[in-house]
Amino acid sequence: MDDHPLLGPVIDVRSRFAAERAALLSLLHSLEPGDWEAPAVPGWSVRDLAAHLLGDDYGRLAGRRDGHRPGPGPEPGATVAQTVHRENARWVDGTRRISPAALTGTLELTGRWVADLWRDTDLHAPSLGVPWAGVDPAPAWFDCARELTEYWTHRQQIRLAAGLPADLSPEAAGPVLDTFLRALPYTLRDTAAVPGTRARVVVDGPAGGVWTVVRAGGGWAHDRAAAAEAAATVRMDADTAWLLCTRGIGPGEAAGRSVLTGDRALAAACRRIVSILR
């Protein structure tokens, strides 16, 4: 399996969707009635976020499994992110009549379909682009991994809304953090450096790891030479890493929760990473 310059080595998360959905369903079944109306993300309650996940399921099934392309296209001048956010808001508004019990039951059904869909996916086929990593089209393995991050991230937001800590088990969070950190080359795309310069992010804990990027002739790329000296290193814990990558905290707050060594400007540029649509 060949490395991708911007994305690094292949991540195969096809087997993770069933377990991730089981964890979500267990969480939803554990919620008290009042938890469903707790704010989960700005403008959305826990119930709204569960409805959004259902929309993700139906959208993926319609497009990838069924070849169905409904609905209006982008409005003139709208970015991909603006179009996605508009359609997400319309979906959530239109599903507010669906009860928590009905949402949970339907998510169980669609979760099985989505797991089956990804299980049979050719990892190297071209797939949907991933703007935050700078790839369009993306190889299916990365589109698949990105989709897993969507489900995992929203489950953590529901956990936090219900007063629970994030699930940072290595089985659940490890592949997600690995996917998030693949955004480093694109994050540094406008950061000048001498060819051969390396930057590194270290995430501590069982779900963490080490991600190194190197400045090459055509820009920044992932580098497997993890033992090579880096000009700049950012070290943080897993909780800080996922919150930073999903804009749960900003670079300023992350600065107080991380350690920078070496070239501080380059390290600070690494801390601007965002692994979701802006």
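How many aromatic pairs does the count come to by the rule for ring centres, and which residues form them?

Reply: This is a predicted model, in which local features need pLDDT of at least 70 and side-chain atom pairs count only at pLDDT 80 or more, while totals for chains, interfaces and linings use all residues. Residues are numbered from 1 along each chain as its sequence is written, and side-chain values use heavy atoms, with hydrogens and water left out.

The count comes to six aromatic pairs, where rings of Phe, Tyr and Trp (its six-membered ring) pair if their centres lie within 6.5 Å, and where planes under 30 degrees apart count as stacked, over 60 as edge-to-face and the rest as tilted. One of them joins F17 and W118, a stacked pair with 5.7 Å from centre to centre and 20 degrees between the planes. This pair links distant parts of the chain, since F17 belongs to helix α1 (residues 17–30) and W118 to helix α4 (residues 100–119), 101 residues apart; helices here are DSSP runs of H or I with at least four residues, numbered from the N terminus. Both F17 and W118 are buried, a term that stands for under 20% relative accessible area, with exposed over 50% and partly exposed in between (1.4 Å probe, protein chains only).

Another pair, W152 with W242, is edge-to-face, at 5.3 Å centre to centre and with 85 degrees between the planes. W152 lies in helix α5 (residues 140–161) and W242 in helix α8 (residues 238–245), so this pair ties together parts that are 90 residues apart in sequence. W152 is buried, with a relative accessible area of 0%, and W242 also counts as buried, at 1% relative accessibility.

F17 and W118 also belong to one aromatic cluster together with Y151. Over the face of Y151 lies R21, at 5.1 Å from the ring centre, and a charge is taken to sit over a ring if NZ of Lys or CZ of Arg is within 6 Å of the ring centre and within 35 degrees of the ring normal. R65 likewise lies over the face of W113, at 5.2 Å from the ring centre.

How values were computed:
Helices (H or I, at least four residues) and strands (E, at least two) are DSSP runs, numbered from the N terminus.
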